[in-house]
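Open the model in your viewer and keep the sequence panel beside it. The stops below say what to select and what is there.

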Amino acid sequence: MKWRKRARRLLQSKRGKLLFVLTWVFVLFALTHVLEYFVPPHQQWHLSCRADGYFDPQQAQITSSVVSELLLTFTLEYQDAALRYHLGNESLPAESIVLQGNVVKVDFGALNYALQMQLKSKKLNNDSMLLDYLLNELAVGESQLLEGDLLPLQVQILNANDDQLRATLTFIPSNSIWSCEIIPAVLPQPH
Amino acid sequence: MQIGCCWFDKERRLLTDQAKSTQWHLNDHEYWVLEQLVLHRGQVVPLTTLQTVVLDSGAHQLPHNELVSIIYHIIDYLCAKHSNLVEYIPQQGVILYPATQGKHTKILDLPNRLLSWGQYGIIIVALLVVLLFVLSNLNPPLFAKADVIRQVLTANGQMVQLSVFDNQSPQDAILHADCLSNQLQMCHEVRWNAISAAISTDRHYVSFILSQSETQSLQFKNIKLAVDDMHSPFITQEWLHKVLICG
């Protein structure tokens, strides 16, 4: 009973009230910090994206340009990231580029991932449309990409809608956006 | 003697507000009430004591409502600046506090006046630190807001939401938003009810996301377009038909 009385007296004093408020601020501070560790980090993404590409450079023939199918698979599993591009159309052999790398930094507030990617494999035509497109999307130089340099890259995953079926993938700083299908991370493996 | 901002002259039965340079000549009853309060400063003077007016000529009772009106008059006169100097407790009595208590500014002038400026400052600083900490962890999404947003009404009365993202040049964003919305208006039928366009930083590509929400499901389509000259409009009716935006 004695300590209870003493506590009450402390709470009623000026210093006690100040201590009380500061303690609460500190508790909230610590709580948010702890929560951040316990919230399951959304560190697994499997995004499948498909686009119609109109990559003929002649602007005059914009209406007669060939439509290509551009596919992007974005995979992020904890520390590993991969980008697989595939471009195909009727008139030219298919092209593809695979980039692999790891996650450098994650910003959960905005689902912003800083990656460091490296060219793993490529299959490109002369005058590659895919290569031109990727230099824009990844904001890198041709020699950097093809010589297998480490490419810093930042992507943001937005608007994952309520049913977790689609998300918008944004490349920073190139401002390229994709609407992608979210593939559930754990798929039952057929035997 | 001094009461709040007034000087109480007992000889001349005069209450002088120095700040406003006003004077109040107290009559017998008013003087009696104030004198009782001053004599028992810091204590509650019961209403019964105040009601029993003792003058040189003899004692008599003061009607209750007259007493109350005198009390309120005194409170009004004394308390313009010094709130809570005189407190009237209904059915009980009146107290004239020994010292003015409202020296602090208004924000600290709460019933218990617990915080000093320093303590108040510590709390503000602590809250700011917490806010900064939270903000540093929650970056606003870069793409949350489009640079240009248009609502386009097509020929057959369909509404299309058009958003253009351009982190380089607002003029280009407006140019292409205008161009696209003009062309969309001419479409007979638009297959999508939301169109987002992002102009690439290197000015050579435009990414489109088309979406159509139907009762059951959402449909999406991406279009990537290479553009030679981003500073001139490139979207035509033929193109909109070719990429199946208009149908």
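A residue counts as buried if 20 or more other C-beta atoms lie within 10 Å of its own, as exposed if 12 or fewer do, and as partly exposed in between, with C-beta atoms placed from the backbone. Helices (H or I, at least four residues) and strands (E, at least two) are DSSP runs numbered from the N terminus. This is a predicted model, in which local features need pLDDT of at least 70, side-chain atom pairs count only at pLDDT 80 or more, and totals for chains, interfaces and linings use all residues. Residues are numbered from 1 along each chain as its sequence is written, and chains are lettered from A and ligands numbered from 1 in the order in which they are written.

**Stop 1: helix α1 of chain B**

Select residues 28-39 of chain B, which form α1(B).

**Stop 2**

Strands pair if DSSP finds at least two bridges between them. Between β1(B) and β2(B) there are 2 bridges; look for Q2(B), whose partner in β2(B) is W7(B). Strand β3 (residues 14-17) of chain B is joined to β4(B) by 4 bridges, and D17(B) has T22(B) as its bridge partner. In the hairpin of these two strands, with 4 residues between them, S21(B) takes a positive phi near 55 degrees.

**Stop 3: where the chains meet**

Which parts of chain B touch chain A? Each supplying at least two residues are α4 (117-137), β12 (194-199), β13 (205-213), β14 (218-226) and α6 (237-242) of chain B. α4(B) gives the most, with 8 residues. Counting residues in contact (C-beta atoms, placed from the backbone, within 7 Å), 43 of chain B meet 42 of chain A. Next, select strand β1 (residues 44-54) of chain A, which runs parallel to β14(B) and is joined to it by 4 bridges. D52(A) stands opposite I223(B) there.

**Stop 4: the cores**

A nonpolar core is a set of buried Ala, Val, Leu, Ile, Met, Phe, Trp, Tyr and Cys residues joined through C-beta atoms within 7 Å. The largest has 65 residues, and F74(A), L169(A), A197(B) and V206(B) have the most contacts inside it. A second, separate core of 19 residues includes L15(B), V33(B), L37(B) and V94(B).

**Stop 5: confidence**

Colour chain B by pLDDT, the predictor's confidence in each residue from 0 to 100. The mean for chain B is 81, and 87% of its residues reach 70 or more. Over residues 102-108 of chain B, pLDDT stays under 50. For the complex, the predictor gives an ipTM of 0.74 and a pTM of 0.60.

Note on methods: The expected span of a helix is 1.5 Å times one less than its number of residues. Two residues are in contact if their C-beta atoms, placed from the backbone, lie within 7 Å.
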